[in-house]
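Here are some notes to read alongside the model, written for a colleague who likes to know the cut-offs. Please have the viewer open as you go through them.

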Amino acid sequence: MNEILVLAEHRDGELRDVTFEMLGKAAKLAESEGGAVSALLLGAGVSDVAEKLTAYADDVLVIDHGNLTNFNSAVYQPVLAQVVKSRTPSL
């Protein structure tokens, strides 16, 4: 197993509980199967949120852009697809 990519969910500057649940599961799987856990954070002005992720993932990828201020699947989906295509995580 190579990279496990977890999309970090956040709202109002705080990470959602599901993000920590997914990162925990990913870490256990990466430990048993070999590999690394990466967290992907999409948003605008999310550097404080990104800092919190460093304790839970081997790598934190941040895409910070004004178009990602508010969740909109039509905007987020192509960004997420491009990251997945370029990094080709195993999960």
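**Notes on the pocket and the central strands**

1. Y76 is buried, with a relative accessible area of 10% (buried means under 20%, exposed over 50%, partly exposed in between, with a 1.4 Å probe and protein chains only). F71, by contrast, counts as exposed, at 64% relative accessibility. Before going on, please note that this is a predicted model, in which local features need pLDDT of at least 70 and side-chain atom pairs count only at pLDDT 80 or more, while totals for chains, interfaces and linings use all residues. Residues are numbered from 1 along each chain as its sequence is written, and side-chain values use heavy atoms, with hydrogens and water left out.

2. How many aromatic pairs does a search of the whole structure find? There are two, counting rings of Phe, Tyr and Trp (its six-membered ring) with centres within 6.5 Å; planes under 30 degrees apart are stacked, over 60 edge-to-face and the rest tilted. One of them joins F71 and Y76: the ring centres are 4.9 Å apart and the planes stand at 65 degrees, so this pair is edge-to-face.

3. The largest pocket has a volume of about 370 Å³. Of its 15 lining residues, A8, E9, H10, F71 and Y76 are the closest to the centre. On a 1 Å grid over the protein atoms alone, a pocket is an open set of points where a 1.4 Å probe fits, with protein on both sides within 12 Å along at least five of seven lines; lining residues have an atom within 4 Å of a point. The volume is the space filled by probe spheres set on the points.

4. Which element gives the most to this lining? That is α3, with three residues. Helices (H or I, at least four residues) and strands (E, at least two) are DSSP runs, numbered from the N terminus.

5. Seven of the eight residues of strand β4 (residues 36-43) are buried, so β4 is largely enclosed by the rest of the structure. Five bridges join β4 to strand β1 (residues 3-7), and the two run parallel; L7 stands opposite L40 in β4. On strand β5 (residues 59-64), six bridges join to β4, again parallel, with A39 opposite V60. Strands count as paired if DSSP finds at least two bridges between them.

6. N70 lies in the loop between β5 and α3 and is exposed, with a relative accessible area of 60%. N70 and R11 are 59 residues apart in sequence and 9.0 Å apart in space, C-alpha to C-alpha.
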